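Subject: Structure handover and notes

Hello,

Please find the structure below. My notes on it follow.

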Amino acid sequence: MVGTGEAVVHDAYSNGSLQNVNGNLEEKLDELRKLIGKVDGDPLRIVGVGAGAWGSVFTAMLQEAYGNLREKVLIRIWRRPGRTVDRSTAKHLFEVINSREDVLRRLIRRCAYLKYVEGRLGDRVLYADEILKDGFCLNMIDTPLCPLKVVTNLQEAVWDADIVINGLPSTETREGVEAELGPEPRIITPTLMINRATRVPIENILYLGGPNIASEIYNKEYANARICGAEKWRKPLAKFLRQPHFIVWDNGDLVTHEVMGGLKNVYAIGAGMVAALTNESATSKSVYFAHCTSEMIFITHLLAEEPEKLAGPLLADTYVTLLKGRNAWYGQKLAKGELSLEMGDSIKGKGMIQGVSAVKAFYELLSQSSLNVLNPEENKLVAPVELCPIMKMLHKILITRESPVEAILQALRDETMNDPRDRIEIAQSHVFYRPSLIGQQP
């Protein structure tokens, strides 16, 4: 979330309960308005930038919760104009509409149904920003959202915004998590990219991460999120965002959580490959989980002074991403031959596969000789990546393309590979922490 100013429904209740919930929501909104310094008659302006699955769901969730308080809050979403909906997607969308009586009635009431009939027949071209106004995200057609106020001019969307929610995949913001190799190797996170590009102070930028899945959030299945950043903003925003089905924790460690959010996408791709290549073998998937999490724990010792504090949150977010995220889906499709690397990492209906660029960034960073660590088995200094065989193999498959997808199983079943515990013991028995990697002074 970036503040350009101060800080960057299933009706399941009885009438009495609904009034009580609305009252609590209005109280939370009033508290946030007061903190930002809003006066009567000046609505709090919240803008979601990017209309992928997560960005659309998050904006829709806020719209459903607070949208009826129009005098106090204005919620909008920006997406790029001009993206057409292909014929097959238009047909599927029409089926979804007709399978949901509530959605069908809503469109008829808004005089918006006819255009979807014409789109289904091929008599009209539908546009992504057009259908988003009716509550349909192009990346998540099967989960209709509430109607949204859509803006297609980015400058118009953000110029007077109090809170901007960056719902773009980090790979669209620039390259996602990047490796900057000189003068000192360091990780460049999307937060730092936003800071450099917009000059919004770091203390006004917050990171919101999982564990959660976009469609499950909107369907009001139980979900968690973690908001990280300066205490002034993260605690009131956590309270503002919290709902009975959406529990929000807060944490002051912005950079490390953001880096770990990128790292889990790396290993999710491999998890999808292993699942597909082994016909969902429970043993193979569990062995992969053991190895990839040991590599992640090893890497956190380079990035965090007290990495054990990250273990729970990191494993939770990793677990849900390996189970159901788009990066795991991408790995499965590659392994089944339904996608190829030549198709790139921006996939129709899914958006950007963040894990691909993250593999490149982390591999480059962990290959630097200035970060060498002792390999006790060989009693010599090696680059950290040499102790991360899964990371190395994913780089060979996805980036240099010198190995086929099936090679992920070779890495997993390598007879010379040590117990994952050994990698963790190496990290725990040495002073690995390199604060310069995340732009901090020792």
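Two residues are taken to be in contact when heavy atoms of theirs lie within 4.5 Å. Helices (DSSP H or I, at least four residues) and strands (DSSP E, at least two) are numbered from the N terminus. This is a predicted model, in which local features need pLDDT of at least 70 and side-chain atom pairs count only at pLDDT 80 or more, while totals for chains, interfaces and linings use all residues. Residues are numbered from 1 along each chain as its sequence is written, and side-chain values use heavy atoms, with hydrogens and water left out.

Helices α3, α4 and α5

I start with α4 (101–109). The cover over its buried residues includes α3 and α5. Those buried residues are Val-103, Arg-106 and Leu-107, where buried means under 20% relative accessible area, exposed over 50%, and partly exposed in between, with a 1.4 Å probe and protein chains only. Viewed down the axis of α4, they fall within an arc of 95 degrees, so they line one face of the helix; the arc is that of the directions from the helix axis to the C-beta atoms. Glu-101, Arg-105, Ile-108 and Arg-109 are exposed on the other side of α4.

In the loop between α3 and α4 sits Arg-100, which is partly exposed at 26% relative accessibility. Its C-alpha atom is 9.0 Å from that of Pro-144, although Arg-100 and Pro-144 are 44 residues apart along the chain. After α4 comes Cys-111, with a positive phi near 55 degrees. Cys-111 is exposed, its relative accessible area being 74%.

In α5 (residues 113–121), the buried residues are Lys-115, Tyr-116 and Gly-119. Down the axis of α5 these fall within an arc of 100 degrees, so they too line one face of their helix. Their cover includes α3 (87–99), α4 and α6 (128–133). Just after α5, Gly-122 has a positive phi of about 80 degrees.

How do α3 and α5 cross, and at what angle? Their axes come within 8 Å and cross at roughly 135 degrees, the axes being lines fitted to C-alpha atoms, for helices over the stretch in contact, with angles from 0 to 180 degrees between N-to-C directions. That makes α3 oblique to α5: angles under 35 degrees count as roughly parallel, over 145 as roughly antiparallel, 65 to 115 as roughly perpendicular and the rest as oblique. The crossing of α3 past α5 is left-handed, meaning that the near helix is turned anticlockwise from the far one by less than a right angle, whereas clockwise would be right-handed. On the α3 side, the contact residues include Leu-93, Phe-94 and Ile-97. Among those they meet on the α5 side are Tyr-113, Tyr-116 and Gly-119.

Helices α12 and α13

Helix α12 (residues 254–277) packs on helix α13 (residues 282–303) at an angle of about 160 degrees, and the axes are 10 Å apart. The two are therefore roughly antiparallel to each other. Here the crossing is right-handed. The α12 residues that make the contact include Val-259, Met-260, Leu-263 and Tyr-267, and those of α13 include Tyr-288, Cys-292, Met-296 and Ile-299.

The loop between α12 and α13 holds Asn-279. This residue is exposed at 69% relative accessibility, and its phi is near 55 degrees, a positive value in a residue other than glycine.

Other loop residues

Which residues does Thr-143 contact, leaving aside its neighbours within four places in sequence? They are Ser-215, Tyr-218 and Asn-219. Thr-143 belongs to the loop between α6 and β3 (150–151) and is buried, with a relative accessible area of 9%. Between Thr-143 and Tyr-218, which are 75 residues apart along the chain, the C-alpha separation is 8.1 Å.

Cysteines

With a disulfide defined as a pair of cysteine sulfur atoms within 2.5 Å, the count is zero. Cys-228 is buried, at 0% relative accessibility, whereas Cys-111 is exposed.

Regards
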